[in-house]
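Q: Please take a close look at a single part of this model, and go through it in one connected account.

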Protein chains: 2
Amino acid sequence: MKNNCSLCDYKSAAAQKLTQEELKHLAPNCVTVKFKKGDTIIRQGTYSTNVAYLKKGLVKIHIDGPYHVQVVRIVKPRNYLGLPTTFGDKINQYSVTAIDESEVCFIDISTFRQMLQLNPDFTNQIMLELCKSELESYQKCVNRTQKQIRGKLADVLLDFSDNIFKSDTFTINVTQEDLGNLVDASRESVSRVMAEFSKDGIIEVKGKHVKILDKDSLKLISKKG
Amino acid sequence: MKNNCSLCDYKSAAAQKLTQEELKHLAPNCVTVKFKKGDTIIRQGTYSTNVAYLKKGLVKIHIDGPYHVQVVRIVKPRNYLGLPTTFGDKINQYSVTAIDESEVCFIDISTFRQMLQLNPDFTNQIMLELCKSELESYQKCVNRTQKQIRGKLADVLLDFSDNIFKSDTFTINVTQEDLGNLVDASRESVSRVMAEFSKDGIIEVKGKHVKILDKDSLKLISKKG
DNA sequence: AAATAAATGTGATTTACATCACAAGAAAAG
DNA sequence: CTTTTCTTGTGATGTAAATCACATTTATTT
């Protein structure tokens, strides 16, 4: 697909720091690829050759653990997907899979490096994002290991509502097994807790469609476990 | 303390990319501070105003979790301590405490930013380290949540032996409570597992002094749980 | 539309740890 | 050197959540 990065409506915060000149140079060195639900965008263990950037859709980042997969996080558009794995290691340390139909822009790594060399504002923004996501991953890990399932599921529901879908009603295109892998619980436990939340009138579930009825209760459960 | 960064024997991989000129500029903008065992180097919740770099000693990075502290990791010299917390947020998102007597170099953040602007090799190295540590934190989180205590303790002992002390005998200046917070277990469980490892002839413990007798067993336990 | 596969719901059972409770050692403070 | 505080060891008890085992519902394929 022929690109014109200058006109791209989905520029990252970092790319917005680039000059017209630099964007013109970027255009021939990146490709946009569409993925269907369930498609693998990045596969753990393969060589990482490009920086991936999510323009549209929704994806999950996941790692093969010693016993089962762990879903590290759900990522929404306007975020880079493979920065640490592209820069930090030649081999991808995690997989990325489309949850909804998605559009990903793959940027040639040496071109990306050139941008870093040329434009300090760009670099600064990228570093900021790297740092933020590292801090976030520390915090997430603490919650994962210390909170119990009810609290973690409440967190996830709040995250979906507040950050990802920005709405009290949303459709989660992931199985309960995925949710389990996201909060380090078995799918049975997820099922039970979701049923409990429903029964208590905190959420309303119709298939994959979720409506949050009582956000305050969720916040309380998130805090108190 | 008056600095001469050019002559510094503890330069980071990144700082080694700096020119004499740049090092000269760096010198008046950083201070080296000594810390005794138990001293707080960075305190979660306070403003972060400097980049911290560990020259000598040993420190732990820890976060206050919802129920108890989590020791994120033990850091050995020639590593930055506060990059994500300094760049990613105005407020420190974690604490750093000296485990052994330590020397930390505090670098003024605007000077550090200048280096990033001036020297792309420096920047590249810093970014590499950021990415690596993010990947590492993903991996650690997976292990933390999926392995059981025996496996996690084996990991820690192997990490001490292979990476931190680079010796089969070492002195861990941390309590079993700390070890518990490092592997997400109670201090009682740590005590029990250590006793078990001792009984099985895998390690020899005399107070805080540990000798690894059977590394292969540890590796096996690390893998199989 | 029928057949097959995938995802969920729910009870019964098991388990790895936490927590509690207290004893005994080791360090630090007086 | 003695007292107090911190750290460790070890049993008994409790518990959140995994696992097992099916039943049932919802998708997908043919």
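A: A salt bridge here is a side-chain nitrogen of Lys or Arg within 4 Å of a carboxyl oxygen of Asp or Glu. The model is predicted, with pLDDT of at least 70 needed for local features and 80 or more for side-chain atom pairs, while totals for chains, interfaces and linings use all residues, and side-chain values rest on heavy atoms without hydrogens or water. Residues are numbered from 1 along each chain as its sequence is written, and chains are lettered from A and ligands numbered from 1 in the order of writing.

The assignment (automatic or from a database) divides chain A into domain 1, residues 5–136, and domain 2, residues 147–224. Taken over C-alpha atoms, the centres of domain 1 and domain 2 of chain A are 27 Å apart. The contact (heavy atoms within 4.5 Å) involves 13 residues of domain 1 of chain A and 11 residues of domain 2 of chain A. Together these domains of chain A bury about 980 Å² (accessible area, 1.4 Å probe, lost on being put together and summed over both), and 57% of that area lies on carbon and sulfur atoms. On the side of domain 1 of chain A, the residues that lose the most area to domain 2 of chain A are A:V71, A:I74 and A:K76, which together make up 43% of what that side buries.

One salt bridge is found across the interface of domain 1 and domain 2 of chain A. It joins A:K60 to A:D178, with 2.8 Å between the closest N and O atoms. Across the interface of these domains of chain A there are also five residue pairs in polar contact, both residues at pLDDT 80 or more (N or O atoms within 3.5 Å, within protein one able to donate a hydrogen and the other to accept it, sequence neighbours counting only through side-chain atoms on both sides). Strand β5 of chain A, residues 69–75, supplies six residues, the largest share of the side of domain 1 of chain A that touches domain 2 of chain A (DSSP runs numbered from the N terminus, H or I of at least four residues for helices, E of at least two for strands). By class, that side of domain 1 of chain A has six nonpolar, two polar and five charged residues (nonpolar: Ala, Val, Leu, Ile, Met, Phe, Trp, Tyr, Cys, Pro; charged: Asp, Glu, Lys, Arg; polar: the others, Gly among them).

Over all chains, the whole structure holds 24 salt bridges. One salt bridge is between A:R73 and A:E136, with the closest N and O atoms 3.4 Å apart. This pair links distant parts of the chain, since A:R73 belongs to strand β5 of chain A and A:E136 to helix α4 of chain A (residues 120–146), 63 residues apart.

How values were computed
Buried area = accessible area lost by both parts, 1.4 Å probe.
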